[in-house]
Structure formats: C-alpha cells, structure tokens
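Subject: Handing over a structure, with notes

Dear colleague,

I am passing on to you the structure shown just below. Please have it open while you read the notes that follow.

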Amino acid sequence: MKKRIVSGITATGSLTIGNYIGAIKNFIKHQNDYEMFIFVADLHALTTTISPEELDKNRKEILALYIACGLNHKKSTIFFQSDVPAHSIFNWITITNTTMGELSRMNQFKDKSAKTKQSNGTDNIPTGLFVYPTLMAADILLYNPEFVPVGVDQKQHLELTRNLASRLNKKYNLNFNEPKPLFSEIGSKIMSLKSPEFKMSKSDNDKNASIFLLDDPDLAFDKIKKSVTDSENKVYYSKDKPGVNNLLTIYASLSEITIEKAEEDFKNSNYKEFKEVVGSVVRDFLIEIQKKYSESLINLPSIAKEGSIKANVIAEKNIAKILNHVGYKKF
Ligand code: AMP
Ligand code: TRP
C-alpha cells in the first residue's frame with residue numbers, strides 16, 4: 001500500500017515562487033509514489049483580515065495553480081478544506097487538548113502577533129492566529145499521513161502535531177502516526193528579494209520583494225534584476241551572501257540542478273549577467289505556468305467537486321472513529 005501525504009497552503013494571498021519551490025514542487029515530486037491529500041487551507045485564511053471577495057479569489061486561484069503547476073487530480077485528492085466539515089469538528093478536539101503555553105511558544109504566532117502592535121502600545125491579536133496550529137494538526141491527523149511536505153517555517157507546527165498525535169493516542173486509545181515533515185532538498189526557504197535575511201512571503205507589503213506565480217513575466221524579470229545582492233560581484237554560495245545564495249537556489253531549483261552545478265554555471269559571470277540568466281529562467285517558468293493556469297480554470301468546478309467527495313469519504317470515516325473514542329458513542 002502507498003504511504004500517505006497531506007499538505008495545504010493558506011488562502012491569504014497570491015502564491016509566490018517560494019510557495020512553489022518550498023511546497024508545491026515537493027507535492028508534485030511525490031504524487032506517483034504516495035497517496036496524496038492536498039488542499040487549499042481556506043479556513044486558515046480567516047486568521048487574517050481578509051474580505052469575502054479576496055477569500056473567494058484566493059482560494060480558487062490556489063486550486064487552479066496547483067493544477068497549473070502539475071498536480072494531477074486523477075493521482076491526488078485535491079480539495080478545499082472548507083468542503084470537508086470534519087476538519088472543523090476535529091479542530092475542537094485538538095484545541096481542547098492543547099495548552100495556552102504550547103500555542104504561545106509558536107514562532108509564527110509570536111512573529112505575526114507582534115505585527116498587530118499599534119503605535120499606542122495596544123494590540124489586537126485575533127484568536128484565530130493563536131489557535132491556527134491546532135486546526136493545522138487536525139487537518140493532518142484527520143488523514144493519518146506518514147509525511148507532510150512543507151517549507152521549514154512549518155517545522156514547529158509539525159512538532160506540535162506529533163505531540164498531539166501521541167497525546168490523543170494515550171488519552172483516547174487512538175493510533176495516529178506521528179507525521180514527519182518533508183522538506184525540499186533545494187529551496188525549503190526562499191528569501192525576500194529585497195531583504196534576503198527574511199523569508200519571501202505572499203503577504204509582504206513590498207511587492208518587489210516577492211515573485212508571484214501570476215506576476216507579469218517581464219515584471220518578474222525586472223524584480224530579479226533589481227534584487228538585493230552585495231558589492232563583491234562574484235557568484236558563489238556562502239553564508240554571508242544571502243542575496244546571491246537565494247538567486248542561486250531559485251535558479252538551481254527551477255533548472256533541476258544542484259547548487260554546485262549552478263555555481264559552476266556562473267563562475268565567470270558578474271552580477272548583471274547572473275541576474276539576467278536567473279531572471280530569464282524565472283520568466284520562462286512563469287510563462288509556462290500561466291499558460292496552464294488559464295486552461296485549469298475551466299475544469300475547476302468539477303475538480304473541486306471530485307476532490308471534496310474523495311476527501312469526505314476518508315474524513316467522515318476517521319472522524320466517526322475519533323468521536324467514538326473521545327466518548328461520543330452512538331446508541
Ligand atoms: P504560506 O505561504 O505561509 O501559506 O505557506 C504555504 C507553504 O509554502 C508552506 O509549506 C510553507 O512552508 C511554504 N512556503 C511559504 N513561503 C516559502 C518560502 N519563502 N520558501 C519556501 N517555502 C515556503
Ligand atoms: N500552515 C500552513 C502554511 O501556511 C498551511 C497549512 C494548513 C498546512 N494546514 C496544513 C500545511 C496541513 C500542511 C498540512 O504554510
């Protein structure tokens with residue numbers, strides 16, 4: 001029997017090349033060898049201030065981009081989280097088995113809640129931001145997978161998920177696996193083009209810091225050309241060259257080569273030449289994705305329906321078992 005994989009991406013904005021290299025590319029790599037459940041985390045999107053129009057746009061865009069990037073709905077179950085009610089039911093069980101201390105220690109919570117601080121010293125931290133990891137644990141354990149392909153920023157959430165699995169197993173006599181993260185070999189953390197010491201993020205206010213999968217390909221080329229590097233003008237991978245490392249990583253991942261081979265390709269190039277080649281690879285990649293994106297939009301309703309039916313079959317069976325073990329036994 002094939003081992004199972006579960007993953008998702010939050011529907012909070014347009015996807016970046018970081019989402020592709022760190023997550024989606026890794027989904028696609030495994031789709032022949034694993035049984036995969038890949039969803040759009042559209043319930044998680046409510047942890048930010050998102051309008052109904054944006055939510056509607058983002059969730060459909062992500063589903064279409066999954067397909068455009070190469071996920072095959074005949075091989076993998078691709079669906080919207082909100083189409084499977086068991087995620088929310090199970091979330092109550094994971095919330096009630098988690099402590100405030102555990103959730104307060106989550107780095108993503110600390111980073112994102114710090115940003116809600118206002119100039120007068122008060123803050124307005126949404127509860128959803130705090131309990132976000134419990135829903136993520138429910139998303140995962142509901143399908144009882146072996147692996148979860150994610151970027152390294154999600155490592156701590158996976159640790160919490162494993163702790164919850166073991167806690168629920170003991171308390172309710174269940175048999176959840178303790179799922180392990182699967183990281184991309186190259187590019188499990190793509191950095192901002194403007195501040196390469198920080199992660200590239202779909203919610204960055206500076207739109208020049210991220211390459212979006214639906215960016216105009218020529219604009220993306222320009223963003224790479226204007227990206228921050230250093231003053232040395234020599235291309236090689238090194239701890240103190242975060243901007244160059246990042247471009248080498250993007251280039252290596254999109255070209256399916258190692259970092260060493262990428263360094264070799266540019267050993268005689270200056271930064272201008274280097275950026276032009278990386279920019280062209282990114283531009284060609286976006287042109288290819290965007291062509292498929294328009295086609296994938298047409299089949300979206302039927303793909304979402306098929307995915308929701310397949311996911312609900314497994315989710316309903318598993319949540320019934322979980323509820324029974326928690327004590328909600330049927331007459
Ligand atoms: P998010 O954009 O935070 O919803 O993340 C969705 C998925 O993409 C998660 O698996 C992240 O770890 C991954 N991801 C997001 N940004 C990056 C990045 N800059 N580099 C690598 N992976 C990323
Ligand atoms: N927290 C993930 C992110 O934003 C998205 C996500 C939600 C997820 N539920 C998940 C990822 C379950 C993997 C498995 O990056």
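Leaving aside its neighbours within four places in sequence, which residues is Asn246 in contact with? They are Ile190, Met191, Ser192 and Leu193, where contact means heavy atoms within 4.5 Å.

Before going further, please note that this is a predicted model, in which local features need pLDDT of at least 70 and side-chain atom pairs count only at pLDDT 80 or more, while totals for chains, interfaces and linings use all residues. Residues are numbered from 1 along each chain as its sequence is written, chains are lettered from A and ligands numbered from 1 in the order in which they are written, and side-chain values use heavy atoms, with hydrogens and water left out.

To return to Asn246, this residue is found in helix H9; helices (H or I, at least four residues) and strands (E, at least two) are DSSP runs, numbered from the N terminus. Asn246 counts as buried, at 3% relative accessibility, where buried means under 20% relative accessible area, exposed over 50%, and partly exposed in between (1.4 Å probe, protein chains only). Its C-alpha atom is separated by 43 Å from that of Ile322, which is 76 residues away along the chain.

The ligands come next. Around ligand 1 there are 17 residues, of which Asn19, Gly151, Asp153, Ile190 and Lys202 come nearest; a residue is near a molecule or strand if one of its heavy atoms lies within 4 Å of it.

Ligand 2 has 13 residues around it, and Thr10, Tyr132, Met136, Asp139 and Gln154 come nearest. An N or O atom in the side chain of Thr10 is 2.9 Å from an oxygen atom of ligand 2, and for the side chain of Tyr132 the corresponding distance to an oxygen atom of the ligand is 2.7 Å. With Asp139, a polar side-chain atom lies 2.7 Å from a nitrogen atom of ligand 2.

Some of these names come back with His44, which lies in the loop between strand E2 (35-41) and helix H2 (52-69). Not counting residues up to four places away in sequence, His44 touches Thr10, Gln81, Tyr132, Leu135, Met136 and Asp139. The side chain of His44 also makes a polar contact with the side chain of Gln81, at 3.2 Å, and His44 counts as buried at 3% relative accessibility.

Thr98 sits in the loop between helix H3 (86-95) and helix H4 (100-104), and is buried, with a relative accessible area of 14%. A polar atom of its side chain lies 2.5 Å from the backbone oxygen of Thr94. If neighbours within four places in sequence are left aside, Thr98 is in contact with Leu103, Thr134, Leu160, Leu164 and Arg167.

Two residues deserve a look for their backbone angles. Most residues other than glycine have a negative phi. Asn233, although it is not a glycine, has a positive phi of about 65°; its place is in the loop between helix H8 (217-225) and H9, and it counts as partly exposed at 39% relative accessibility. Glu256 likewise has a positive phi, near 60°, in the loop between H9 and helix H10 (259-265), and counts as exposed at 61% relative accessibility.

Glu256 is also one of the residues that line the second largest pocket, among them Ile21, Lys25, Ser184 and Ala252. The largest share of that lining, four residues, comes from H1.

Lastly, Lys292 lies in helix H11 (residues 271-298) and is partly exposed, with a relative accessible area of 36%. Lys292 and Phe39 are 253 residues apart in sequence and 19 Å apart in space, C-alpha to C-alpha.

For the pocket, the working definition is this: on a 1 Å grid over the protein atoms alone, a pocket is an open set of points where a 1.4 Å probe fits, with protein on both sides within 12 Å along at least five of seven lines, and lining residues have an atom within 4 Å of a point.

With best wishes

Conventions: Polar contact = N/O pair within 3.5 Å; in protein donor to acceptor, adjacent residues only side chain to side chain.
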